[in-house]
Amino acid sequence: MSPSVHGGRAKCLQRLVRLDMPVPTTVALSFDAVRDIARGQMPDMDELIAPFGGAPLLSVRPSSQDPDWGGPSAILNIGMNDERHAALCAEIGEEAATAIYLRFIQSYAVQVARLDPEPFYLPDTPTLESVRVMLDAFEYETDEVFPQDPVQQLGEVLRSMARAWDGTTARLLRQAKGAPIDAGLGLVVQRIALGVGQGTSGSGVIQFVDEVTGERRIKGRYLSQSQGREALSAAKGALYLVQDGRGPSVEEELPELFAELVRFGELVRVRLREEMQIEFTIENGKLHILDGVRVQRSNRASVRIAVALAEDGIIPTDEAVMRVDPAVLSELLHRQVAPMTERDRIVRGIAASPGAAVGRIVFSANDAQASAARSEPCILVRRETTPEDIRGMHAANAVLTVRGGITSHAAVIGRGLGLPCVVGASDLVIDKKRRVMIAPDGREFAEGEVITVDGSSGDVLAGTATLEEPALDNAFQTLLKWADEYRDIGVRANADTPADAQTARNFLAQGIGLCRTEHMFFEGDRLGVMREMIFAHTSEDRRAVLERLLPMQRGDFIELFEIMQGKPVCIRLFDPPLHEFLPADKSGHRELAEQLSLPLSEVNARVEALSEYNPMLGMRGVRLGLTYPEIYDMQARAIFEATVEASRSGDPVVPEIMIPLVSAMREVELVKSRIDAVAGHVRAETGTNFTYRYGVMVETPRAALRAEDIVQYAAFLSFGTNDLTQMTYGLSRDDAGRFMSSYVNAHVYAEDPFHTLDIEGVGELLKIGAERGRLGRRDVVLSICGEHGGSRSAIDFCRRQGFDYVSCSPFRVPSARLSAAQLAISDARRNSMR
């Protein structure tokens with residue numbers, strides 16, 4: 001019996017039977033048999049019912065290949081009729097027998113005959129009169145007498161469940177959960193073990209692990225016959241499942257039977273290699289096992305359970321690695337909204353950086369810093385963030401923006417900081433004058449009001465939601481240690497500051513694959529110095545100002561090198577257009593004029609002169625470095641002086657210097673010659689020799705196409721997939737969020753290309769760039785450093801193209817390590833089967 005033929009429930013029951021557990025007589029119908037039933041081709045009903053003997057009570061339960069795909073509700077007590085009801089009244093008492101009959105009439109009427117449920121509500125006290133009323137209601141609604149033949153009842157149940165699986169709504173629901181369009185349903189017909197009788201009787205479920213924490217402990221519930229339909233805690237003479245001080249328990253009153261349940265639990269854990277929940281009944285002191293299902297578990301528990309099974313030798317470590325969804329790890333690194341929290345949603349945007357935070361609304365970076373100074377948690381709410389907002393983002397607990405997509409400024413910085421972030425909440429309106437944000441339903445939330453941002457789901461919630469703390473326990477670390485033993489591609493981190501680098505180091509990144517040096521210029525007084533440089537009129541004046549930035553940048557690099565302790569650090573030279581360092585509004589212009597002691601008109605004129613129609617395609621990256629070479633000269637000197645200093649107290653440092661936005665070999669040649677000259681000066685001044693590696697960030701289509709020429713001056717190529725996607729599509733990553741969902745829904749794009757690497761288009765450019773790069777330099781090192789670097793599909797693509805490593809945000813490093821390991825394990829398994 002196979003799950004792909006009869007479904008998972010049927011396969012599990014077969015295993016329980018083979019383990020000599022007391023499973024009631026069971027017959028499984030295959031996917032094909034159920035499809036035939038849906039088309040009106042019924043099986044031989046006499047043959048089907050024969051194994052159950054005379055006058056059986058039966059249940060029918062769904063058995064899909066994956067329990068997450070759902071299925072029609074189970075129907076219990078098939079075979080109940082007037083004759084069987086009378087017999088049960090004598091056997092177990094009128095009230096219990098009547099309750100069983102009423103529940104069957106109700107489920108048959110509503111789920112099989114598809115009648116309105118209102119006439120079939122169960123009465124508080126089951127009586128013979130209530131049976132008559134319910135049977136009359138069925139006859140009135142259908143013009144037919146309630147069926148008394150068990151064979152007819154069973155046939156109608158099978159037909160109803162088979163057709164329900166084929167219904168349009170059911171099909172769409174399971175496809176949304178990842179089921180294939182032709183997913184089949186099996187049905188399991190089982191003799192009912194009622195759990196009622198004159199002797200000790202009842203029903204319950206037992207599991208042997210905590211579904212929230214993953215810790216091993218026995219828990220569950222038990223309902224004794226004497227309790228009927230009353231709540232467990234309110235029933236007189238109730239039996240609890242385990243001895244815990246609340247009252248008498250199965251563990252105390254029926255120790256031999258309880259020990260048998262525990263033995264069965266350990267048996268299924270070992271033989272089925274999973275933590276299972278066992279459904280059972282006790283009938284006149286005899287134990288029956290009705291079903292075994294995989295314990296539903298939290299993300300935290302899924303990691304602990306997989307690791308515990310491997311540590312106990314039940315599953316190998318590679319299987320433990322395969323059992324955990326990499327997305328789970330990203331969630332465990334951050335606070336999360338508790339699963340049972342009631343959500344008063346204000347708006348939903350794009351889930352750009354996982355985690356959740358609660359805080360008061362602020363509308364500016366300065367207000368965020370002021371709030372942090374008062375130790376008041378805050379949420380920074382902006383139409384969109386700019387580099388000028390970085391200080392405010394550092395101070396905030398979360399960020400919410402109206403505009404932007406998955407690779408917008410707020411999203412990228414948020415992921416780098418481990419800061420919950422929701423972007424592209426386009427239905428939200430910000431009224432800057434009144435300092436309120438207006439929800440789609442018209443509600444207004446003023447500055448200072450408390451909201452919750454859930455960066456894992458994209459929800460923004462009113463008020464304070466209950467949060468769960470991160471779960472970085474020993475099981476988490478053990479799982480990643482095992483993952484590293486299997487993966488075959490490097491994983492580095494994108495880290496822009498010493499704090500980012502420390503996070504990357506904590507998550508065992510194999511180095512820094514992208515350090516965006518411009519982010520260092522937005523801290524503290526550096527922004528003011530940077531603005532002075534922008535307003536300098538000559539190269540000499542710019543150099544004078546940059547001399548003040550040099551020791552700051554050198555100090556940053558020393559700290560980066562020391563934190564990474566000899567691991568590679570790839571530093572991207574200055575990239576953004578200069579206007580990003582200037583204020584965008586009039587009040588900011590006035591403040592800047594005062595700061596620089598310049599007329600406001602001169603400030604306005606300079607800002608206007610630096611403005612570009614399309615700054616992302618304008619004077620930035622290497623173009624800026626060639627136009628204002630003193631900027632790259634200063635950065636190169638800071639890198640080399642930091643290399644000398646850091647190497648004195650630790651492992652030798654070999655920095656990797658990366659030039660951004662290249663489109664021609666000559667650009668690389670010119671910048672490299674200046675950097676080599678700076679390196680020579682530093683060697684002479686310090687009397688210290690050092691090495692460094694020089695490379696290119698490939699983020700223009702032309703750079704990919706001309707990679708064979710470019711590698712004549714570059715030892716490595718790192719593909720910046722954010723900008724490469726933007727330029728390949730001719731699509732602004734900051735504005736794409738406005739219409740991307742419509743495009744995906746219309747199947748123009750299968751996925752948002754800024755969220756999932758476009759293998760067919762952008763991937764083709766990566767492949768071309770890699771192939772041509774190897775033609776020019778056989779030992780060229782290849783990687784991607786865009787935000788796609790942490791995604792499974794991009795890691796898979798890079799492995800297949802022979803890339804050396806991927807680089808992603810520090811908080812995505814654990815999931816990237818796990819994804820890389822799972823892909824390597826999957827490939828090894830496929831190869832072993834050939």
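Two strands pair if DSSP finds at least two bridges between them. Helices (H or I, at least four residues) and strands (E, at least two) are DSSP runs, numbered from the N terminus. With that in hand, take strand β7 (residues 276-283): eight bridges join it to β8, and the two run antiparallel. Within this pair, I278 stands opposite G292 in β8.

The model is a predicted one: local features need pLDDT of at least 70, side-chain atom pairs count only at pLDDT 80 or more, and totals for chains, interfaces and linings use all residues. Residues are numbered from 1 along each chain as its sequence is written, and side-chain values use heavy atoms, with hydrogens and water left out.

## The chain as a whole

The chain has 834 residues, and 54% of them are buried. Buried means under 20% relative accessible area, exposed means over 50%, and partly exposed lies in between (1.4 Å probe, protein chains only). There are 33 helices and 29 strands. The C-alpha atoms fill a box of roughly 105 × 65 × 55 Å, taken along the principal axes.

Contact means heavy atoms within 4.5 Å. Take the contacts between residues at least 6 apart in sequence: 68% of them join residues at least 24 apart.

How confident is the predictor? pLDDT is its confidence in each residue, from 0 to 100. The chain has a mean pLDDT of 89, and 98% of its residues reach 70 or more. Over residues 226-237, however, the pLDDT is below 50; this stretch has 20 contacts in the model beyond near neighbours in sequence.

## The open sheet

Back to β7 and β8. They belong to an open sheet of four strands, in the order β6-β5-β7-β8, with antiparallel pairing. Its edge strands are β6 (216-224) and β8 (286-294), and each pairs on one side only. From one strand to the next, the twist averages 20 degrees. Helix α2 (residues 8-18) packs on the sheet and touches β7 and β8; its direction makes about 140 degrees with that of β8. Such angles run from 0 to 180 degrees between N-to-C directions, and the axes are lines fitted to C-alpha atoms, for helices over the stretch in contact.

## The barrel

Eight strands make a closed barrel with parallel pairing, in the order β22-β23-β24-β25-β26-β27-β28-β29. Neighbouring strands here are turned by 25 degrees against each other on average, direction ignored.

Which strand does β22 (residues 490-494) join through four bridges? It is β29 (residues 805-808), and the two run parallel. One partner pair is G490 with Y805 in β29. β22 also pairs with β23, in the parallel sense, over two bridges. There, N494 has L514 of β23 as its bridge partner. Five of the five residues of β23 (residues 512-516) are buried, so this strand is largely enclosed by the rest of the structure. Helix α33 (residues 813-832) lies across β22 and β29, and runs at about 160 degrees to β22.

## Nonpolar cores

A nonpolar core is a set of buried Ala, Val, Leu, Ile, Met, Phe, Trp, Tyr and Cys residues joined through side-chain atoms within 4.5 Å. The largest one has 128 residues, and F640 and L717 have the most contacts inside it. Leaving aside neighbours within four places in sequence, F640 is in contact with I657, I675, V678, A679, V682, F690 and Y692. A second, separate core has 50 residues, including L29, A38, L58 and M134.

## Cysteines

How many disulfides does a search of the whole structure find? It finds zero. A disulfide is a pair of cysteine sulfur atoms within 2.5 Å. The closest cysteine sulfur to that of C421 is in C378, 14 Å away, so the gap is too far for a bond. C421 counts as buried because its relative accessibility is 0%. C12 counts as buried too, at 7%.

Not counting residues up to four places away in sequence, L598 touches F535, A593 and V603. L598 and E771 are 173 residues apart in sequence, and 53 Å apart in space, C-alpha to C-alpha. For G199 and E547, the separation is 348 residues in sequence and 91 Å in space, C-alpha to C-alpha.

Key:
pLDDT is the predictor's confidence in each residue, from 0 to 100.
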